[in-house]
Amino acid sequence: MEKNLLAWLPFIPLLGALGAYVFGLKHRPAAGITATVAAVASFAVTVLLVLSLPQNGWNVELFTWMDVRFHTEAGGQDLFVPFAFRFDNLAAIMCLVITGIGSLIHLYSTAYMKGDGSEHRFFCYLNLFLFSMLLLVLGANLPVLFVGWEGVGLCSYLLIGFWFTNANYAAAGRKAFIVNRIGDAAFLIGTFALVKYLDIGSLDFQAIGEKFAAGAGDVLIPSLIGGSSVTLASFVALCLFIGATGKSAQIPLFVWLPDAMAGPTPVSALIHAATMVTAGIYLIARLSPVFAAAPVIMAIVCVVAALTAFIAATIAVVQNDIKKVLAYSTVSQLGFMFLGASSGVVWVGIFHLVTHAFFKACLFLGAGSVIHGCHHEQDMRHLGGLSKYMPITFVTYLISTLAIAGIYPFAGYHSKHAILAALEASPNPILASMSGWLMPLVSLTAGLTAFYMTRSLVLTFFGSYRGHAHPHESPLAMTLPLIVLSIWAIAGGIALEERLPAFVSTVVPTPEWWHPHHASWLESIKHSWIGILGVGLALFIYLGAPAIAANCARLGAPLRKILEGKYFFDEIYQLLIVDPLRRTSNILWSFVDVRVIDGTVNGTAALVEVSGEVGRATQTGDLRHYCLLMFAGSVALLVFYFVL
Amino acid sequence: MMTLGHYLTVATALFTIGAVGVLVRRNAIVMFMCIELMLNAVNLAFVALSKTVGNLDGQIVVFFVMVVAAAEAAVGLAIIISVFRARRSVDTSRTRELRL
């Protein structure tokens, strides 16, 4: 019975997508209602499944997808891939986050997107996204996960470019999809390496995990560069991590996320804060035996994540658009999640994933509430003083800011502290050798996080209103999700700190060297010093002494230019990759396509035409010419027959 | 003494004259006469060869050829009469409807 329910779970939002479009065509509000009902229904089903979930989880196979088994003893790569779902504790957490926060955001969107005119498309895509994301986390093997992986990329493209009549928004959607695809290519190469070199005829996660835990990842395989060889685990781990950098916006493939703010704010909240971008962490968690067998790659993950977190945090400090601040913040916090996973204690990454989902979704929805209430104003220089006009939005935004700053007892403190502790305690020798600069950098990033978030809080909600609209609080459908999420932002850390590791460790075992340290509330407040410092500094500068900010901007002008230019990642990519590609395409088009291929086809036609004209010359209409030709033909026949 | 060679030479000469006549002459009736000439040249060749080989096969074929020639003459002359009725002339160089 439960297995049936499990098999149907992702298809509830798929049906919802269909219904939202069909019903929404005639009556726009019906789209939002259908989609929200489908989202809530999938949440209810998830809760039901979790409540009766056994220790070992469930496997359910829907149908056989790929069956290429040659039944030979030696040689040939057999492959059997069923379209199957696996519901265990890890998948349960992800599904609860996806459907729970998804439902809240659907409810929010019914008010946010009211009057848009294309609600039927919007809610169809939103439910389609839920379907794809559920496929991703429920997949029992890599191909099914990849179907969901691609699906969320597609929905991200559709939703970022939702208002496609604006060329910039459409371009942002394309950018997201293309950058994602680059990561997907690496993902596929990793999958192919598993098929070829692991040679177990299956891509099932449990099977792969068992093999790698038993040491199958230590075989050497030829690497793609020169004649050197790498271990299978390193190769696969690196390929999958590159795929994860595309989906979860790490260096070098993070450039799509800030542009993705072109989409409606609920999209930013759902896809680019709470769910799709977490797919990379989920992948690492699912295949943690592979990563555990590749400590060098774990160290690379750690370095990339730390750099990403720091760089994104520095960029966020100078942003004026409230959504861009949150976008770079998301990139930075994703870096934190990868840092946690790279230490070897995978559950800390998942813990931060969950707490981040709560407070980041709350922040994005709050920003949407501000945008909605101030008549589509996103620039913080034209906001201010909104605490008077939008009290609920203000309080929830405040709570979530304290959470992301990592101040005890809010949720972000517990997950960030766990990440720092895991990094310090990690026995990975490469990580240990880096800890001299790594730990201060991570702490600095945490402080910066607190600083720029408080800056956005102060610029938006304190002081006096600098805009021209009439701000008002948002309707209940928008404030209710804010309230629910902020409650979780307060209590989520404390509630999950003990339960989550126990829950997840049935799937992803916690390493033996990890000893959680139980701190008293006084010690915890002391540990939050960097967050408190960041918040305090921002309050001091932006509330009390704004001249300091102006002076810093003037004195540090060259640094500010780099930060405002986002370290010129986009410009470098444009110069090194996009422009040469464009020029190559142009040459291929103007020469190969137009001159060679079209020339061949058109030339063949011209040849036929010319030969027709030549043949026409024999058709004179004169009977005697025809007689002559007949005669000549028969003479030729006789000659050929008798002489040759 | 008349040998086979003499007969075949005459037959070839007649055939050639007939062929050239078909190609060169413009009057349709004269063209027909040349066709008949070609057919008769072939008949002569068949009979001469039949006498040389010793059996009657060639002479039987001559009968067939004569039948065909007669039928063809009938049909051809009917066509010429229709063409003449349409354009008051049997000059073949004037019929150019088949020209593209």
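Buried means under 20% relative accessible area, exposed over 50%, and partly exposed in between, with a 1.4 Å probe and protein chains only. Keep these classes at hand for the tour.

This is a predicted model: local features need pLDDT of at least 70, side-chain atom pairs count only at pLDDT 80 or more, and totals for chains, interfaces and linings use all residues. Residues are numbered from 1 along each chain as its sequence is written, chains are lettered from A and ligands numbered from 1 in the order in which they are written, and side-chain values use heavy atoms, without hydrogens and water.

**Stop 1: chain A.** Select the whole chain. Its C-alpha atoms fill a box of roughly 115 × 65 × 55 Å along the principal axes. Chain A has 27 helices and four strands; these are DSSP runs (helices H or I, at least four residues; strands E, at least two), numbered from the N terminus. Of its 644 residues, 53% count as buried.

**Stop 2: helix α14.** Select residues 295-317 of chain A. In α14(A), 17 of the 23 residues are buried, so the helix is largely enclosed by the rest of the structure.

**Stop 3: A:D321.** Move to the loop between α14 and α15 (322-342) of chain A, where A:D321 is found. A:D321 is partly exposed, at 23% relative accessible area. Its side chain reaches the backbone nitrogen of A:K323 at 2.9 Å.

**Stop 4: A:S332.** Go on to helix α15 of chain A, which holds A:S332. A:S332 is buried, with a relative accessible area of 0%. Its side chain reaches the backbone oxygen of A:A309 at 2.9 Å. Beyond neighbours within four places in sequence, A:S332 is in contact (heavy atoms within 4.5 Å) with A:A309, A:A312, A:A313, A:T445 and A:Y452.

**Stop 5: the end of chain A.** Select helix α27 (residues 623-642) of chain A, which gives seven residues, the largest share, to a nonpolar patch. Other members of this surface patch include A:V643, A:L644 and B:F15. A:L644 lies in the segment after α27 and is exposed, with a relative accessible area of 70%.

How values were computed:
Patches are made of residues with over 30% relative accessible area and no salt bridge: like charges are joined within 9 Å, nonpolar side chains (Val, Leu, Ile, Met, Phe, Trp, Tyr) within 5 Å. Accessible areas come from the Shrake-Rupley method with a 1.4 Å probe; for residues, only the protein chains shown count as cover. A salt bridge is a side-chain nitrogen of Lys or Arg within 4 Å of a carboxyl oxygen of Asp or Glu. A polar contact is a pair of N or O atoms within 3.5 Å; within protein, one must be able to donate a hydrogen and the other to accept it, and residues adjacent in sequence count only if both atoms are side-chain atoms.
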